[in-house]
Amino acid sequence: MDRRFLLLQLCFFISGFAALLYETAWTRELAFVFGTSELAVTAVLAAYMAGLALGAAIAARLAHRIRRPVLAYGVIELGIGLGALAVPFAIRGLMALYVNWLGGLDAPPDSVGLTTALFHLAGAFLVLVPCTALMGATLPLLARHAVHDNEQVGPRIGYLYAVNTAGAICGAITAAFILLPEIGLRQTIYFGAFANALVFVAAALLSRYAPPADRVPARRSS
């Protein structure tokens, strides 16, 4: 396994770390809008997974056109960090809309039923899908760079997915038990954005030494 691929795995570990750090922080922040009900948590999770699927589907269709997938991956990571910094402002707007809407209701929120559920779901999707779609686009781009023949599909994508998942586990634990209790929501988001910025810098440097994807020689199995 070459050294550049190991460094790329480290970048993808940090990507997963930041992604689940954001999810944990966003769930906590959206709880101020939706409450701590199971519906609110479900809405956040649904929006998160839908964004990942959407981003992966779009990137899989476009990845073959990208000659510098590592650089594109780094730019996407920078976009995730910038988008994450904007999410709290979007949540404030959602909260204002929610408060204004509920201000004209005669019943408490829990009795609104389907209307409230749809608002929760639509609001979470609107706020989170732009960032989570970018997160979903990262694996197809890295696969475009890392996989050169059919024999590498399983091992290399497996390595990438495994280290990303390990990073996600560490991110969720760190956010829930260390960062959020110690430094609060805003600083936790800043920490994640800083991690994304580090990945951008590392990916930009790595891309300088990686050949364009369409020039990578194909390796044929004997």
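**Figure 1. Overall architecture.** Read along the sequence, this protein runs α-α-α-α-α-α. The model is predicted: local features need pLDDT of at least 70, side-chain atom pairs count only at pLDDT 80 or more, and totals for chains, interfaces and linings use all residues. Residues are numbered from 1 along each chain as its sequence is written, and side-chain values use heavy atoms, with hydrogens and water left out. Of the 222 residues, 43% count as buried. Buried means under 20% relative accessible area, exposed over 50%, partly exposed in between (1.4 Å probe, protein chains only). The protein exposes about 11,700 Å², with 67% supplied by carbon and sulfur atoms. Areas come from the Shrake-Rupley method with a 1.4 Å probe; for residues, only the protein chains shown count as cover. Among contacts between residues at least 6 apart in sequence, 86% join residues at least 24 apart. Contact means heavy atoms within 4.5 Å.

**Figure 2. The largest nonpolar core.** This core holds 41 residues, and Tyr22, Trp26 and Leu128 touch the most other members. Elements giving two or more residues are α1 (3–34), α2 (38–62), α3 (69–102), α4 (114–136) and α6. Helix α1 provides the largest share, eleven residues. A second, separate core of 13 residues includes Leu8, Phe12, Leu142 and Ala203. A nonpolar core is a set of buried Ala, Val, Leu, Ile, Met, Phe, Trp, Tyr and Cys residues joined through side-chain atoms within 4.5 Å.

**Figure 3. Tyr22 and Ile80.** Beyond neighbours within four places in sequence, Tyr22 contacts Ile80, Gly81, Ala84, Met135, Ile189, Gly192, Ala193 and Asn196. Ile80 lies in helix α3. Ile80 is buried, at 2% relative accessible area. The C-alpha atoms of Ile80 and Leu134 are 6.3 Å apart, although 54 residues separate the two along the chain.

**Figure 4. Helix α5.** This helix (residues 138–146) is mostly covered, with seven of its nine residues buried. The buried residues are Thr138, Pro140, Leu141, Leu142, Ala143, His145 and Ala146.

Figure 5. A search of the whole structure finds one salt bridge. Arg186 pairs with Glu29, their closest N and O atoms being 2.8 Å apart. A salt bridge is a side-chain nitrogen of Lys or Arg within 4 Å of a carboxyl oxygen of Asp or Glu. Arg186 sits in helix α6 and Glu29 in helix α1, 157 residues apart. Arg186 is partly exposed, at 25% relative accessibility. Glu29 is buried, at 6%.

**Figure 6. A buried Glu23 without a partner.** Glu23 is found in helix α1. Glu23 is buried yet has no salt bridge; Arg28, the nearest side chain of opposite charge, is 13 Å away. Lys and Arg count as positive and Asp and Glu as negative; His and the chain ends are not counted. Residues up to four places away aside, Glu23 touches Leu45 and Tyr48.

**Figure 7. A nonpolar surface patch.** Ile169, Ile173, Phe177 and Ile178 make a patch of about 430 Å². Phe177 lies in helix α6 (residues 153–209). Phe177 is exposed, at 65% relative accessible area. Patches are made of residues with over 30% relative accessible area and no salt bridge: like charges are joined within 9 Å, nonpolar side chains (Val, Leu, Ile, Met, Phe, Trp, Tyr) within 5 Å.

Methods:
Helix = DSSP H or I, 4+ residues; strand = E, 2+ residues; numbered from the N terminus.
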